[in-house]
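Here is a short report on how some parts of one protein chain pack together. Keep the sequence and the 3D view open while reading.

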Amino acid sequence: MPPTASRSARQASVSALRFGRVATMGAIAALIVFAGVWGSWGNAQHVLLTKGREQGTVKVTACADGTCSGAFTPTSAGARARARVEIAEAVAVRKGRTYDVVLKPGGSDALRSGPAGILYAWVPLGGALLLASVVVAGGMRLRRVAWGLGLAGVGLLTAAFIAVQ
């Protein structure tokens, strides 16, 4: 085989390996972001799509085992008052304070509504964006895209932290 033929065969195999690496890492990064959206959507759908859902306020009276509870006072038409609903304590909920909430259908679980609730619901996506940025930077060598993903993730997490305080 002439030297130019072996060189072009080597270049073709290097190009194929490079394409395979970029395609694989792109698929992994897309899967990570999809998992973040999937993980966020379970709560985000209730907070974002509030039409027809019970909305109101909760005055937190007790906290134990990672959840807080209190009386639900409705603010939307069709909602009914409840003596006790539960809200996750991880959402910077403090005893004695009142929070705007949306109730999950068919239960007594409450989710914070408004900007704080929306941002908190999307926290898993923020973490996924950070993780995907590492994959994009290291596996795909797309540093600017990785910086964009990473800054979007940090921005979302920071905004959620500030909003729930």
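## Aromatic pairs and a helix contact

Trp41 is partly exposed, as its relative accessible area is 37%. The model is predicted.

Trp41 has an aromatic partner, Trp122. The two ring centres lie 6.3 Å apart. Where do the two partners sit? Trp41 belongs to helix α1, while Trp122 is in the loop between α2 and α3 (123–140). The pair therefore ties together parts that are 81 residues apart in sequence. Trp122 is buried, because its relative accessible area of 18% is under 20%.

How many aromatic pairs does a search of the whole structure find? The search finds two. The other is Phe34 with Trp38: the ring centres are 6.0 Å apart and the planes stand at 40°, so this pair is tilted. Phe34 and Trp38 both lie in helix α1 (residues 3–48). They are four residues apart there, which means about one helical turn separates them. Are these two residues buried or exposed? Both Phe34 and Trp38 are exposed.

| Pair | Centre to centre | Angle between planes |
|---|---|---|
| Phe34 and Trp38 | 6.0 Å | 40° |

**Other residues of α1**

Val47 also lies in helix α1. Its relative accessibility is 6%, so Val47 counts as buried. Which residues does Val47 touch, leaving aside its neighbours within four places in sequence? The contacts are Leu111, Arg112, Ser113, Gly114, Gly117 and Ile118. Val47 and Leu103 are 56 residues apart in sequence. In space, their C-alpha atoms are 8.9 Å apart.

Phe19 is another residue of helix α1. With 63% relative accessibility, Phe19 counts as exposed, because the cut-off for that class is over 50%. Phe19 and Ala116 are 97 residues apart along the chain. Their C-alpha atoms are separated by 42 Å.

Ala116 has its place in helix α2. Its relative accessible area is 8%, so Ala116 is buried. Setting aside neighbours within four places in sequence, Ala116 is in contact with Ala163 and Val164. Gln165 is 49 residues from Ala116 along the chain, and the C-alpha atoms of the two are separated by 8.5 Å.

Now take the helices as a whole. The axes of α2 (residues 114–121) and α4 (residues 143–164) come within 8 Å. They cross at roughly 140°.

Notes
Residues numbered from 1 in each chain as written. Predicted model: local features only at pLDDT ≥ 70, side-chain atom pairs only at ≥ 80, totals over all residues. Heavy atoms only, no water. Axes fitted to C-alpha atoms, helices over the stretch in contact; angles between N-to-C directions. Helix = DSSP H or I, 4+ residues; strand = E, 2+ residues; numbered from the N terminus. Phe/Tyr/Trp six-rings, centres within 6.5 Å; stacked < 30°, edge-to-face > 60°. Buried < 20%, exposed > 50% of the residue type's maximum accessible area, 1.4 Å probe, protein only. Contact = heavy atoms within 4.5 Å.
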